[in-house]
Amino acid sequence: MNSLSKAVAVLFCLSTTFGVSAENNKLSDTEKQIVKAVENNFQSQINFLEKIVNINSGTRHLKGVREVGKAFEQEFSKIGFKNTWIEMPKEMDRAGHLLSEKSFGKPGKKIMLIGHLDTVFPKDSPFQKFERDKNDPNKIIGPGITDMKDGDVVVLFALKALVDGGYVSKGQVSVFFTGDEESTGKPISISRKAMIEVAKRSDLALNFESGTPGKGVIGRRGSSGWQLTVTGKRAHSSGIFSDHTGAGAIFEAGRILNDFYQEVKGEHGLTFNPGVIAGGTFVDADADGAGFKAYGKTNVVAQKVVVKGGLRFVSEEQKERARDKMRKVIEKNLPQTDATIEFQDSYPAMTATDANRAELKKFSDVSVALGMEPLTEFDPTKRGAADISFVAPYVTSMDALGAWGGGSHTPNEWLNVESFELATKRTAVYLYRLLNE
Ligand SMILES: [Zn+2]
């Protein structure tokens with residue numbers, strides 16, 4: 001190609017790209033039909049939400065969680081999905097997960113849609129019922145109604161509109177609803193194994209936790225724990241600071257925590273919090289494992305200190321960097337003291353990658369096409385860990401595709417009804433575009 005034709009080709013490419021982008025901000029005729037189908041189903045969508053909100057599914061109420069799962073199984077079967085219930089070991093005391101899958105004929109994009117069936121409200125909670133707000137027709141109250149039975153129902157009815165209308169002829173959808181998001185079964189290596197396997201064979205994972213107008217979630221911080229154990233020489237207090245007795249465990253613990261504050265703190269997105277501390281002559285763990293019993297006297301140099309804390313991070317690299325710095329700090333012991341630190345992994349970080357960002361752009365285009373505002377990235381430091389975090393290290397991921405509401409984990413949990421319909425339309429059109437890419 002000579003340089004003129006190259007320039008023409010580049011211009012042509014540019015104009016095509018811009019052309020497509022502008023088109024994406026509008027609904028095609030088919031997409032308008034999909035939106036109409038969601039509207040036509042909306043009353044039965046609300047009825048189904050009512051039915052499953054009225055089934056208590058507190059994480060430890062296994063029968064209730066399975067019953068909610070069963071209700072979804074029946075609906076997914078009607079649109080040709082194959083259901084599998086993934087059992088957990090008995091001693092874990094969790095209900096398991098629902099996996100519903102469908103291949104649409106020709107090979108194409110493999111999409112994983114994530115939700116959870118459980119809520120934080122136990123079987124004996126006074127908060128059990130789906131109830132319309134008497135003063136606000138746009139508001140419905142109910143346990144788990146925005147965290148996240150609404151999101152699960154958005155998934156079902158978006159897929160229903162697409163399948164019933166025959167709008168998809170390639171690709172694959174895997175719906176994965178966990179039964180223990182609010183209190184994850186341990187060990188995580190078992191309770192999240194199947195979920196990670198499905199993620200590894202998918203091209204994209206979408207989580208339907210509640211949304212925020214104008215925002216998309218493509219990054220969430222990970223969380224982990226640490227325990228610091230400091231030892232000193234037990235001796236009469238009159239000898240403290242001497243070569244023989246040294247500083248004692250409590251001064252050394254103070255030194256370490258101060259150095260953590262001075263030397264490890266500072267990176268954007270990194271926080272760590274000592275949550276509990278106990279020190280003295282003897283320190284023993286409480287029966288429930290959350291606290292400690294400490295015994296000591298003012299005239300005895302402290303022999304032991306235990307500190308338990310948490311650490312949050314925006315990437316695995318940041319987590320490792322912080323841990324290395326902490327390890328260096330604890331090595332610089334005051335006289336006659338020693339310290340060890342142990343780290344426990346919990347939720348990995350969902351790092352805001354460029355691939356996640358590109359999906360957010362597509363999803364934003366759909367929002368605009370539906371008359372909503374364009375989406376910008378939610379600050380990852382303001383979102384806690386969620387199920388999407390387990391799969392984000394393996395696959396392009398996005399979260400907060402659900403409807404909006406508020407008061408989650410409280411007896412005032414509510415759903416914005418309009419957003420419930422909008423979120424379903426948006427998901428249906430977005431999935432339609434993805435499956436036809
Ligand atoms: Zn949730």
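Modeller: Start with Met88. Leaving out residues up to four places away in sequence, Met88 touches Arg94, Gly96, His97, Ile190 and Ser191. This is a predicted model, so read each contact as a prediction. Met88 sits in the loop between β1 and β2. Its relative accessibility is 11%, so Met88 counts as buried; the cut-off for that class is under 20%.

At 30% relative accessibility, Asp93 counts as partly exposed.

A positive phi also turns up at Phe241. There the angle is about 80°, although the residue is not a glycine. Phe241 is placed in the loop between β9 (222-231) and α7 (249-264). Its relative accessibility is 61%, so Phe241 counts as exposed.

Two peptide bonds deserve a check of omega. The bond from Lys186 to Pro187 is cis, with omega near 0°. Pro187 is found in the loop between β6 and α5 (188-191). The bond from Asp147 to Met148 is cis too, with omega near -5°. Met148 lies in helix α4.

The axes of α3 and α4 come within 11 Å and cross at roughly 10°. The two helices are therefore roughly parallel to each other. From α3, the contact uses Val68, Phe72, Glu75 and Phe76; from α4, it uses Lys149, Asp152, Val153, Val155, Leu156 and Leu159. By class, this contact has seven nonpolar residues, no polar ones and three charged ones.

Setting aside neighbours within four places in sequence, Phe72 is in contact with Phe48, Ile52, Leu98, Leu117, Asp152, Val153, Leu156 and Phe177.

Now the core around it. The largest nonpolar core has 71 residues, and Phe72 is among those with the most contacts inside it, together with Phe76, Leu113, Leu159 and Leu206. The elements giving two or more residues to this core are α2 (29-53), α3 (62-78), β3 (106-116), α4 (145-164), β6 (170-178), β7 (204-207), α9 and α11. The most come from α4, with twelve residues. Apart from this core lies another one, of 23 residues, including Leu228, Val230, Val307 and Met326. As background, nonpolar side chains tend to be buried together in soluble globular proteins.

Beyond residues up to four places away in sequence, Gln172 touches Glu101, Lys102, Ser103, Phe104, Lys109, Lys110, Ile111, Arg201 and Leu435.

Next, take the pair α9 and α11. The axes of α9 (residues 354-369) and α11 (residues 417-435) come within 9 Å and cross at roughly 130°. That angle makes α9 oblique to α11. The crossing of α9 past α11 is right-handed. On the α9 side, the contact residues are Glu359, Lys362, Phe363, Asp365, Val366, Ser367 and Ala369; on the α11 side, they are Arg426, Val429, Tyr430, Arg433 and Leu434. They divide into six nonpolar, one polar and five charged.

Last, the whole chain. There are eleven helices and 18 strands in the protein chain. Along the principal axes, its C-alpha trace spans about 85 × 70 × 40 Å. Of its 437 residues, 52% are buried. Among contacts with a separation of 6 or more, 79% join residues 24 or more positions apart.

Definitions and conventions: Residues are numbered from 1 along each chain as its sequence is written. Side-chain values use heavy atoms; hydrogens and water are left out. Axes are lines fitted to C-alpha atoms, for helices over the stretch in contact, and angles run from 0 to 180 degrees between N-to-C directions. Helices (H or I, at least four residues) and strands (E, at least two) are DSSP runs, numbered from the N terminus. Angles under 35 degrees count as roughly parallel, over 145 as roughly antiparallel, 65 to 115 as roughly perpendicular and the rest as oblique. A crossing is left-handed if the near helix is turned anticlockwise from the far one by less than a right angle, and right-handed if clockwise. Contact means heavy atoms within 4.5 Å. Ala, Val, Leu, Ile, Met, Phe, Trp, Tyr, Cys and Pro count as nonpolar, Asp, Glu, Lys and Arg as charged, and the others, Gly among them, as polar. A nonpolar core is a set of buried Ala, Val, Leu, Ile, Met, Phe, Trp, Tyr and Cys residues joined through side-chain atoms within 4.5 Å. Buried means under 20% relative accessible area, exposed over 50%, partly exposed in between (1.4 Å probe, protein chains only).
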